[in-house]
Amino acid sequence: MDAQSLKQYLADSPPTIVPLQIKPHFEALTDKEKLYAHWISVACFAGTRIVLRQVSPDSEPLYDLIIALHKHASGDWKALQATAGLSDDDLAAFLGYTAQFLGNLGNYKSFGDAKFIPRISPEKFHALASVSPTTKELWGKVQGRLYEGNTPGEMHLGYPDAGHVSTYYPDSGDITKEEIAAVSDFLEAKKLLPENTRLRKTGEGFEVLIASASKDPSAEERDLKETEWTLDGKLAGKKVTLAFGDHAVEMGKIADALKKAGEYAANDTERGMMKEYVKSFASGSLEAYKESQRYWIKDIGPAVETDIGFVETYRDPHGIRGEWEGFVAMVNKERTAAFGKLVETAPSLIPLLPWGKDFEKDKFLSPDFTSLEVLTFAGSGIPAGINIPNYDDIRQNIGFKNVSLGNVLSAKSPNESIPFIKASDIDVYNRCRDPAFEVQVGLHELLGHGCGKLLQETSPGVFNFDKSSPPTSPLDGQPINSWYKPGQTWGSVFGPIAASYEECRAECVAMALSCDFSILKIFGFGDGTEDIDGPAGDILYAAYLSMARAGIAALEFWDPKSAKWGQAHMQARFSILRTFLNAGVEFCELEYTKDDLSDLTIRLERSKILSHGRPAVERYLQQLHVYKATADVERGTRLYEEITGVEPFYRNKVRPAVLAAKTPRKVFVQANTVVEGEGATLKEYESTAEGMIQSWVDRAYV
């Protein structure tokens with residue numbers, strides 16, 4: 001690649017490193033609760049190497065190289081600098097790259113799936129990595145691909161046959177999208193869930209690698225008794241074989257830590273949850289994992305909240321295999337009270353959305369909704385909120401949980417620049433963006449992901465709607481003529497666009513309902529009276545400004561070479577910006593006077609949010625929702641791909657301005673817990689690259 005093209009992939013300089021503040025919340029726990037939190041934290045971080053392997057071939061040896069360099073010099077980076085003959089700038093570039101790498105658990109951005117490369121030169125990095133035989137050997141494993149791929153496509157995660165990188169398909173550079181789809185469809189028909197799998201192409205066919213501590217679980221422990229089949233159709237004669245024991249060492253450590261956690265559980269529900277986790281991670285059974293999630297949903301208002309497993313499927317290009325993650329957190333009771341009020345009123349808010357009862361669950365299953373302060377979040381990135389589990393049958397019939405991660409939302413970097421906001425809007429934006437984001441996260445997670453019904457043929461001839469008199473679509477006034485067939489899920493039908501499409505639907509729910517002043521009152525803003533110019537109006541205005549700004553910034557995560565979006569949420573936010581702009585210049589417009597758009601700002605008319613903005617969002621939301629509810633993947637895909645298509649103006653003019661003004665994404669330094677006596681203590685670290693590295697070195701079990 002040419003030097004100019006490579007510039008966009010350079011590591012952040014410097015990265016924005018912030019601490020995940022947790023001390024007062026952890027210290028408020030009892031000794032028993034601290035030990036419960038400790039052992040689950042160990043289980044979460046014990047999956048670190050799984051994440052590294054899921055990101056890229058280079059990530060695990062690069063992690064080992066960083067840890068080995070630290071150990072060689074006992075953390076004295078200045079001594080290493082002198083030994084390797086590095087300048088201060090060289091060392092700063094190496095440490096900055098390392099912090100970004102550890103913050104993403106890999107050398108591809110967790111938010112955007114684009115590779116980032118060191119600013120330290122290959123020669124200087126080589127000199128640093130030559131200080132010991134161990135570091136030399138590790139350097140040999142990564143040096144060939146550390147700086148750039150052989151092709152531009154390798155700078156992004158995606159389908160291997162499109163020239164991208166994906167280690168969900170290890171040692172399978174020639175596997176095609178069609179082969180992945182065919183094997184996935186076959187396993188779906190067998191009712192084998194895919195979240196904890198990877199897929200390897202072999203000479204005889206395909207190996208389905210299942211994460212488990214055991215390499216040979218018994219037939220009773222497995223989800224399927226059979227372990228090998230011969231395909232027909234286009235792949236006739238090819239074998240599909242289940243291979244257990246993927247990540248066996250890590251899965252064993254995770255199961256052992258969760259057994260210990262079970263000894264400190266507060267009640268039978270938590271003990272049952274730990275038991276099912278252990279069963280799942282030992283044997284590879286996702287049916288056991290689903291049982292753990294049923295227990296988890298019933299564990300209402302725990303002092304220590306947690307979930308762990310192969311959860312989100314954003315980074316698998318096929319959208320069905322989950323990345324390892326786990327979190328441990330404490331409840332913020334004051335903020336949770338506001339979310340509790342939102343849950344109470346949710347059944348009365350759902351009818352405000354632009355579809356009838358035929359497209360909504362028969363009964364809203366009120367979830368546990370808490371504001372959490374995070375102790376541990378293991379994975380490639382930390383979200384602001386979570387709505388899980390992702391299994392449709394559990395969500396529709398038992399429920400789900402919502403959490404807002406308070407100390408993630410409130411984490412700030414000093415002197416943060418704010419491009420694209422007009423000077424006249426900076427005050428209200430700065431004052432109100434955090435509370436506006438909290439409102440948005442609450443509505444997005446609870447009602448966005450929590451609303452809606454999938455119209456299904458649940459088993460042959462059995463429907464969850466009246467087949468003889470099907471619901472009428474609000475889009476065209478005609479009876480619906482499509483639905484989910486037995487064994488199909490939302491993810492399996494909508495495939496690669498499912499994650500981003502669903503995030504968009506949830507964001508639109510939040511943008512529509514945040515216009516209701518009675519909802520803003522629940523969060524403590526205003527008295528419920530519609531007043532766009534009052535304090536509650538400030539929150540609403542900041543919410544719409546933030547979404548429009550995010551829609552512009554989203555273009556950083558679109559790759560012009562592959563014409564591919566690298567981040568689900570940002571693709572969604574770009575489509576909502578387009579929806580604002582489509583509402584007319586009297587509501588929203590991008591303004592600039594310079595040819596290079598270096599002075600680009602958003603003009604969004606506050607007085608037109610209710611008359612223009614909300615109706616535009618609701619029209620878009622109605623389409624998204626009905627197509628999802630009815631399994632209309634053809635129309636849903638066409639709608640979404642059209643509105644997220646990046647036209648020449650955005651590609652050639654806006655995107656360069658976005659790249660010129662982009663700010664580094666935050667990476668978090670997390671504390672560790674250490675068993676001492678009858679409890680556990682907290683060990684915190686400086687919010688520097690050195691502190692970040694030390695925190696990982698201290699996780700010696702990884």
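**Questions on a predicted model**

Trainee: Where does K115 lie?

Mentor: In this model, which is predicted, K115 is placed between two helices, α7, which covers 88-104, and α8, which covers 122-128.

Trainee: Which side chain of opposite charge is nearest to K115, and how far away is it?

Mentor: K115 is buried, yet it has no salt bridge. A salt bridge requires a side-chain nitrogen of Lys or Arg within 4 Å of a carboxyl oxygen of Asp or Glu, so the distance decides the matter. The nearest side chain of opposite charge belongs to D58, at 4.6 Å.

Trainee: Which backbone oxygen does the side chain of K115 reach?

Mentor: Although K115 has no salt bridge, its side chain does come to a backbone oxygen at 2.3 Å. The residue that carries this oxygen is R145.

Trainee: Is E445 buried or exposed?

Mentor: The UniProt record, an unreviewed entry, places the feature "active site" at E445, and this residue sits in helix α17, residues 426-448. Its relative accessible area is 7%, and because buried means under 20%, the word that applies to E445 is buried.

Trainee: At what relative accessibility does H449 count as buried?

Mentor: H444 lies in helix α17, whereas H449 is found in the loop between α17 and β11. H444 is buried at 5% relative accessibility, and leaving aside neighbours within four places in sequence, its contacts include H449 and E503. H449 in turn has N387 and R395 among its contacts, and H449 counts as buried at a relative accessibility of 10%.

Trainee: How many Å separate the centres of domain 2 and domain 3?

Mentor: The chain is divided into domain 1 (3-19 + 57-149 + 684-698), domain 2 (162-248) and domain 3 (418-661). Taken over C-alpha atoms, the separation between the centres of domain 2 and domain 3 is 35 Å.

Key. Residues are numbered from 1 along each chain as its sequence is written. This is a predicted model: local features need pLDDT of at least 70, side-chain atom pairs count only at pLDDT 80 or more; totals for chains, interfaces and linings use all residues. Side-chain values use heavy atoms; hydrogens and water are left out. UniProt positions are given in the numbering used here, feature names are shortened, and annotations may be inferred rather than shown by experiment. Helices (H or I, at least four residues) and strands (E, at least two) are DSSP runs, numbered from the N terminus. Buried means under 20% relative accessible area, exposed over 50%, partly exposed in between (1.4 Å probe, protein chains only). Lys and Arg count as positive and Asp and Glu as negative; His and the chain ends are not counted. A polar contact is a pair of N or O atoms within 3.5 Å; within protein, one must be able to donate a hydrogen and the other to accept it, and residues adjacent in sequence count only if both atoms are side-chain atoms. Domain bounds come from an automatic or database domain assignment. Contact means heavy atoms within 4.5 Å.
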